[in-house]
Amino acid sequence: MFNVSSNPHVKDKITTQNVMLYVIIALLPTTIFGVFNYTSMFGLKYGIRTIVLILACITVCVLSEYLFNKITKRPNTVGDLSAIVTGLILALNLPVTLPLWMAMVGSAFAIVIVKMIFGGLGQNFMNPALAARCFLVLSFAGPMNKFFPADVKGVDAVSSATPLTQIKTTGATDTSLFDMFIGRHSGTIGETSICALLIGAIFLLVMKIIDLRIPLTYIISFAIFMMLFKQTTDMTYILEQVCGGGLVFGAFFMATDYSTSPITKNGKLVYGLCLGLLTAILRTFGSTAEGVSFAIIICNLLVPIIEKITFPKAFGIVKTKEGK
């Protein structure tokens, strides 16, 4: 009898726990910057609240997985660290002003509804953290789009908006490209600093946890489609779109999720192309200034089809007239 684990199947000495640990390490720069950013903008009170929000999401995710396994009498899988990664990614996709109970509901939803009910790690059909974020956006639209605390004085509606929201509503942003790259602007905890995100992405590339096919195809195709849809060659505008919101965060840390992305080389390219197209459509023609989260979970559903049409045929196999 062979003990066959759930997909994805990768022949390598590295374990799931190692992969998750590397992802956690790669997320540390943007996590640390997120705490620093909110502390510098709103004071120590909100720097501490950022830490509390992150710990709350991680704790609920871990407890939800542990209790689900306990109740259903399944082996304990908390040790693979995937629940910690889910909680951390979800927290980094939330505004610091979100009530803790909402973040905790989203964390439980990610683990129980999206991950464990479908069999656990490797059998979930969409990214749990992003599915939870979309659930929170649809359920609590107001709090999920509130990035500045009400008790911060001297902040108007324009300056409190994210750069992408400003571009969506006024056609321009008062945040410079340099500030967008460094991360000195409003947004969710982990999406603002492109610099910190790239440091983490480089670490994952060096450790060979991810490759560049999906993120590069995603970002490049998005830029091309935005130029086509907006009928512009203004590179400043395109770079603002790339650096704004969660595009870089999503491209390197969520679209590359092993369980919900294609394993074939051509499939990764098609997947990245679909992500770029859908994100550009949502940002250009949709009511939201973002679109990354919805684009990724929608494309997660297309992965089986993408893999089917891109799976390489064995040498010598030909298609007959009957289609066999």
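Helices α5 and α14 each supply at least two residues of the lining of the largest cavity in this predicted model. Here a cavity is a set of points on a 1 Å grid over the protein atoms alone where a 1.4 Å probe fits but cannot get out, and lining residues have an atom within 4 Å of a point. The lining is made up of Asn93, Leu130, Arg133, Glu191, Gly246, Met254, Glu290, Val292 and Ser293. The volume comes to about 50 Å³, taken as the space filled by probe spheres set on grid points joined across faces, edges and corners. The count is one cavity of 30 Å³ or more.

Next come the pockets, each an open set of points with protein on both sides within 12 Å along at least five of seven lines. The second largest pocket has a volume of about 410 Å³. Of its 26 lining residues, Asn145, Thr165, Thr288, Ala289 and Glu290 are the closest to the centre. Two or more lining residues come from each of α5 (128-139), α7 (163-170) and α14 (292-310), and α7 gives the most, with five. By type, this lining holds nine nonpolar, 13 polar and four charged residues. Glu290 turns up here among the residues closest to the centre and also lines the largest cavity.

On the surface, Leu44, Ile48, Val52, Leu100 and Met104 form a nonpolar patch with about 420 Å² of accessible area together, by the Shrake-Rupley method with a 1.4 Å probe and only the protein chains shown as cover for residues. Patch residues have over 30% relative accessible area and no salt bridge, and nonpolar side chains (Val, Leu, Ile, Met, Phe, Trp, Tyr) are joined within 5 Å, like charges within 9 Å. A salt bridge is a side-chain nitrogen of Lys or Arg within 4 Å of a carboxyl oxygen of Asp or Glu. Helices α2 (44-71) and α4 (100-116) each give two or more residues to the patch, with α2 giving the most, at three. Met104 sits in α4 and counts as partly exposed because its relative accessibility is 38%, between the cut-offs for buried (under 20%) and exposed (over 50%).

As for the whole chain, 14 helices and zero strands are found, taken as DSSP runs (H or I, at least four residues; E, at least two) numbered from the N terminus. Of the 324 residues, 50% count as buried.

Residues are numbered from 1 along each chain as its sequence is written, and side-chain values use heavy atoms, with hydrogens and water left out. Local features need pLDDT of at least 70 and side-chain atom pairs count only at pLDDT 80 or more, while totals for chains, interfaces and linings use all residues.

Conventions. Nonpolar A, V, L, I, M, F, W, Y, C, P; charged D, E, K, R; others polar. Buried < 20%, exposed > 50% of the residue type's maximum accessible area, 1.4 Å probe, protein only.
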